Each structure stands twice: as C-alpha cells, then as structure tokens.
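Thanks for making time this morning. I would like to take you through one structure, beginning with a single residue and then moving out to a whole chain.

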Amino acid sequence: MSSLPASPRQDDLAAGHTVRRYDRELKTLRDIILDMGHRVIEQVQAAVVALIDGEEIQAYRVLDREPRIDYLSLDADEEIFRVIARRQPTAVDLRIVLALSRIAGDVERAGDKAVRIARQALALRDQVSAVDNLLDDDLQSRFRQLDHRACCMFERSIEAVASFDVERALGVFEDEPELFGTSDALRAYLSREDLKGFKPYQVVCLLTSAHAIERIGNHASNIAEQVIYVAEGKDIRYRNREILIETLRRKASA
Amino acid sequence: MSTTLDEMTVRTRATTSAELASGRESRETVGDVTSANPRMVCRHVDVFYGSTQAIKDVSLDIGKNEVVSMIGPSGCGKSTFLRCLNRMNDTIDGCRVTGSITLDGLDIYDKGLDPVPLRAQVGMVFQKPNPFPKSIYENVAYGPRILGLTNSKAELDDIIEGSLRKAGLWNEVKDRLDKPGTGLSGGQQQRLCIARTIAVSPEVILMDEPCSALDPIATAIIEELIDELRSNYSIAIVTHSMQQAARVSQRTAYFHLGDLIEVGETNQIFTNPKHKLTEDYITGRFG
C-alpha cells in the first residue's frame, strides 16, 4: 500500500480543516469546557477545605462562583448548536461535538457536587460553637484521601480532554478501584454505631459529602469514556466496559 | 460482535505492469466491497484513457434495492467508474476498460453484447437535466417506442402514466403532456429524465450528480424520489454533496485518485470511517 499523505491536523483531532474557522469554532467549544473543568477543580478543592478545616469563607466562595460554571455550560450549548447548524459535523468532528456536549454535562454536574459539599460544610457547623477541630485527624485523613483520589481523576480527565489523549483517559480508570475502596471505607467508618462526637444530622452531612466527592470521581470516569469515544470511535459505556478498557490498555502499551 | 479493521480489509490488488510503468501501486480497499444480494458485480476494474489510468483495480457490488453513493474529490474517478456500469465509456475514444462487470451474472463487456439494450437495463440520469426538445409525453414515450416495448397506444399511455407517477411528476404534468419538456422547471425536468429512464424498465439506475443543478426544494423532492425508487431498482449515485450521500444511500464508496479507498454502511462511513483519507475528506480536512 502506498504511503498516505502527512496528516494535516497532526496531533489535534479537532484541527486541520480546510475551513480554518471550523477549527477555531471547535477550539472555542473545547476551551469553554476546559475553562469549566478548571473552575470545577478549584471549586471542589475549596469546598473540601471548607468541609475539613471549617473555613466558612471558602464555602461561601464556592456558592458565589457556581453560577459562572452554569453560564459557561449555556455558552457551550450555544457553541454546540452553532457548530451543528453551520458545519453539519461528520465522523471525528461529530464525535467531538457529541462528546463535548456530554462532557459539558458531566463537568457542570461535578460543579454541582462542589456546591453540595460546600452546603454540607456550612450545615455541619451550624449551631456548633467550637468548629475548628470538628473532624479528628483520622476522619480528616480519610476525607483528604478520598478528595485527593477524586480530584486527581477529575484533573486527569480534563487534561485528557485538552488533547483527546487516550492514555490519560485510561489513567482515570486505573484510579477507580481506589476511589471506590476509599469511599466505601469512609462510609463504613461514618456508619459505625460507636462514632462519637457527632449529632445525627452531622453524620448525614458527612455521608452526603463523601458521596458527593465519590461522584466527582464518577464524573471523571464519564469524561474519560467520552475522550476514548472521540479518539477511538468506540463507545465504552455500559456494555463490555472492562473488556474494552483492557483492550485499549494493551494497545496503548504495545 | 465487533469486526476488526484487519477482518474488514479486502485486498483487491495485484500489481500490474501498467501500474509499475506509472510508478504507483493502487491502494487496498478498506471495508466489504460485496453485497449480500448483488445485482451488479464489479471486479478488478481498471479504466485507461490512452496511457492514463483513471480507475485502479476497483471491485464493488451494487446490491438489489439499495442505493450506493460514490463520493470523492474531483478527478477521483467516481464518474468514470459509474459510466463503466452501462458502457457509456465506450463512446469515448481511447478509453479502455479491463476487469469484470456483470449484471445479474452476465458480463456486460461481452463482445457479443449490444450496449443499447444494456443502457435500457442500466439507465442513467445526468448532472444537468437533458429532456429531448419534444413534448413531455414524447420524452417518456421515446424509449419504450424505440425498444419496441409496447404494442398499442393504450399500453404506451399506461407506461407513461406509471413512469411519471413513479417519478413523482404525474400530478404536475397530467394536464399538459403535449407541452414541451424543456418548458418545465429544472427540478421537474430532472424528474422527467428519471421518468424517461424508468419507462424502459431498467434494473439499475445510475445518477451522476443528479441534484447539482437544482435548488434545495427540487433536491429534496429528488432525494425523496430516490428513496421510493429503491424499492424497485438498484441505484448508484455520484454526488459531491456528502450530506446527500449520507441522506439517500445505504452504502457509501469513497474514491481517491482512481482508487476505491473505503466502502461501508453509510452510517459507519459518516460516523466512524476506518481510513484516514475517507475521514479527512468527509470532515473537510483535504488539501
């Protein structure tokens, strides 16, 4: 078989169109979603600081900044409509537009989780005078561990979106067992009958927060699935997910 | 069950001396070139215009009751290949076709075969509507009359009404059949040409950019018509409109520099093409 001409788009799946404005439109769309992603990471970090360290100001900042992420989500929708109407994308472009639409939804919902954590952080210390050391070292460490895992996954998934990088996306799935293990252990810890120092509503706040942090990791996995959909043209959601991920891992390491 | 790229690749090429002389081998076709229920079977078709090779070892089936669209950049050979299917290239001096093309198992390039009845069996609709400078009635009647398909005026009338109905034109022209065909609008003229093709009971209809001279409304009517005609005929269509290929066809073939690069279900070609050249072309990344 004769050699193919050099790829005009090189590494960027969204670039290389003859109509360069099309490249710019796809870049604008992706940049909005990356902006949303970075804001969500900041939101989650601030919300978890509010939860663990009791910094109320961080919780209020999270609540104040949330509408900006929602507006960006609307901007992303508008760009998606525009690209579909103007360009009628096909093949990889169609996958990019569909995937970015789904990713925007996941990023926006991850932002909602940060708000949920911030609200729980405020509710946890409601009507409590000494708030600084509400969570003992053990509990703080457990929350930090869960937050670290979920945030790493989310950050990596957003990095994968930046270049539709399959290897980075696969890296997100590698962290799933640890995320679930840490989350299960934390839930079990909070559900112990001998857990002292917390009122029932405070335990509910902590359980809700733990669940929200875990869900941020789930959103990261959903985003990684979409990156693979764009780059490989394979929809790995639901059906044979583990088998497909393993096949892609082997392919990536070969 | 998913199919791997390797399984889907069909090698259709053995390097010929002509190719060696031209310094370039043809490319393998990605995808399944065969049809479960083929009407026309093309194998290893090469077309030369003098010493220039326009088509390189193309194999493709046109199935019963399916629309196959052929897409590709200008000069890729899609129209040349289409014209091979009813020996229209015979009319071009210096054009030589090798390989095998059969219609229902019969070799259409058999030396003993008369191309005139073949062109009734494999009709053609061209880019620009080309009605005869005759009445609407005579445009449709010409083929059946010259081929001796009817014995009476009543029978001919039935064929004309049926053809115009199938072409979606009857209601618009039934009261002015004696008026010139050239007096119709562009879209109506193209449907008249389709009626003229249908009138001689073809098995296959070839369409070479049939909507490129039409406005969007006339185009939509022709596309709807193509979908209806599929239940009775096999259709091969060359189009520069990828959206049209995506809308009207069940299978799509992508040509590039005389090679058939990829064939596949239209949904697959437009959502997840296997060959990079196909993807670059349909996403507008070419050149």
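In which helix of chain A does A:E108 lie? Please keep in mind, as we go, that this is a predicted model. The residue belongs to helix 3 of chain A, which covers residues 91-124. A:E108 counts as buried because its relative accessibility is 18%, the cut-off for that class being under 20%. If we leave aside residues up to four places away in sequence, A:E108 touches A:M36, A:E66, A:I69, A:D70 and A:S73.

Let me turn now to chain B. For residues 40-282 of this chain, an unreviewed UniProt entry gives the feature "domain: ABC transporter"; that span is 37% helix and 27% strand, and its end C-alpha atoms lie 26 Å apart. Chain B has twelve helices and twelve strands, and its C-alpha atoms fill a box of roughly 55 × 40 × 35 Å along the principal axes. A compact globule of 287 residues would have a radius of gyration near 19 Å, so the 19 Å found for chain B agrees with that expectation. Of the 287 residues in chain B, 54% count as buried, and among contacts between residues at least 6 apart in sequence, 66% join residues at least 24 apart.

Finally, the surface and the charges. Chain B exposes about 12,300 Å², with carbon and sulfur atoms supplying 52% of that area, and the mean positions of its 31 positive and 37 negative charges are 4 Å apart.

How values were computed: Residues are numbered from 1 along each chain as its sequence is written. Chains are lettered from A and ligands numbered from 1 in the order in which they are written. This is a predicted model: local features need pLDDT of at least 70, side-chain atom pairs count only at pLDDT 80 or more; totals for chains, interfaces and linings use all residues. Side-chain values use heavy atoms; hydrogens and water are left out. UniProt positions are given in the numbering used here, feature names are shortened, and annotations may be inferred rather than shown by experiment. Helices (H or I, at least four residues) and strands (E, at least two) are DSSP runs, numbered from the N terminus. The radius of gyration is taken over C-alpha atoms; the globule rule is 2.2 Å times the number of residues to the power 0.38. Buried means under 20% relative accessible area, exposed over 50%, partly exposed in between (1.4 Å probe, protein chains only). Contact means heavy atoms within 4.5 Å. Accessible areas come from the Shrake-Rupley method with a 1.4 Å probe; for residues, only the protein chains shown count as cover. Lys and Arg count as positive and Asp and Glu as negative; His and the chain ends are not counted. The place of a charge is taken as NZ of Lys, CZ of Arg, CG of Asp or CD of Glu.
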